[in-house]
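Here are my notes on the model you sent over.

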Amino acid sequence: MLILAKPAYKDREYKKRKFPLYAAALSQLFGENLNTFYAELGLLGHNGIDVACPRGTPIYASHDGKVIYRSLSMTAGLGIKIATNDAYAYEDKVCHFYTIYWHLSQVFVEDNEAVKEGDLIGMSGNTGQYTTGAHLHFGLAPCYEQNNQYIKLYPNNGYGGYIDPLPFILTNMTEEMLNKLYLLTFKREPDAEAVAKLGLKLL
Ligand SMILES: [Zn+2]
């Protein structure tokens, strides 16, 4: 299922979202539940977007921030989390955000390292139990900072505290980038109306 809700930021726009790869195919969207293991993880469905790409594809930071996590998970493989430097108004809260990048083959950043939007942070891969091919899992979580820890704002939202990152990415993509991006759907035909709303062209 496609999630097309507009972001509900007030006062201050959550800008500078950029796609962490240059050209890619979205292989699974947020909220889709094509595999049963999301239920095993206590989730309603997929809690990020998957971008199919060959192992060794450069992965870039999608925003300025600080590396708050850099580790190996049994299920999700090698991953990085980057928190925003600034806080933003989101719904009725003021919060930070962090982006997550999973299943990497290599990581080029250190804990607490300051990164800039567009910095090379790692290489894509196929690490972790919950992956069936090389891809990047990209997630976005509203969070708050307390004693230098970044704590999820909505840990019980059914998606492990993550929200759909796609609206934030799409608002900052150039037309050229959008045209390169296409939806690769599993076991179903794309919803043409939804694809049109996203401004994507089906290839
Ligand atoms: Zn994923």
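1. Terms first: helices (H or I, at least four residues) and strands (E, at least two) are DSSP runs, numbered from the N terminus. By that count, the protein chain has four helices and 13 strands. Keep in mind that this is a predicted model, where local features need pLDDT of at least 70, side-chain atom pairs count only at pLDDT 80 or more, and totals for chains, interfaces and linings use all residues. Residue numbers start from 1 along each chain as its sequence is written.

2. On burial, I call a residue buried if 20 or more other C-beta atoms lie within 10 Å of its own, exposed if 12 or fewer, and partly exposed in between, with C-beta atoms placed from the backbone. Of the 203 residues in the protein chain, 35% are buried. Two residues are in contact if their C-beta atoms, placed from the backbone, lie within 7 Å. Take the contacts between residues at least 6 apart in sequence: 66% of them join residues at least 24 apart.

3. Have a look at strand 11, which spans 135-146. Nine of its 12 residues are buried, so the strand is mostly covered. Two strands pair if DSSP finds at least two bridges between them. Strand 11 runs antiparallel to strand 7 (residues 93-104), with seven bridges joining the two, and Phe97 has Pro142 of strand 11 as its bridge partner. Strand 2 (residues 49-52) is also antiparallel to strand 11, through four bridges; there, Ala52 sits opposite His135.

4. Strand 11 also pairs with strand 12, antiparallel and over four bridges. Glu145 has Tyr150 in strand 12 as its bridge partner. What happens at the turn of this hairpin? There are two residues between the strands, and Asn147 takes a positive phi near 50 degrees. Asn148, in the loop between strand 11 and strand 12 (149-152), has a positive phi too, of about 70 degrees, although it is not a glycine. Most residues other than glycine have a negative phi. Asn148 is exposed, with 8 other C-beta atoms within 10 Å.

5. Asn112 is another one to check: a positive phi of about 65 degrees, and not a glycine. You'll find Asn112 in the loop between strand 8 (106-107) and strand 9 (114-115). With 10 C-beta neighbours inside 10 Å, Asn112 counts as exposed.

6. There is an open sheet of three strands in the order 3-10-8, with antiparallel pairing. Strand 3 (58-60) and strand 8 are at the edges, each with a single partner strand, so one side of each has no neighbour in the sheet. Three bridges join strand 3 to strand 10 (residues 120-123), and Pro58 has Met123 in strand 10 as its bridge partner.

7. Now the inside. A nonpolar core here is a set of buried Ala, Val, Leu, Ile, Met, Phe, Trp, Tyr and Cys residues joined through C-beta atoms within 7 Å. The largest such core has 34 residues, and those with the most contacts inside it are Ile49, Ile82, Tyr98, Tyr101 and Ala141. Strand 2, strand 4 (65-73), strand 5 (77-83), strand 7 and strand 11 each supply at least two residues of this core. Which strand gives the most to this core? Strand 7 does, with seven residues.

8. Finally, click on Ile82. Leaving aside its neighbours within four places in sequence, the contacts of Ile82 include Ala61, Val67, Ile68, Tyr98 and Val115.
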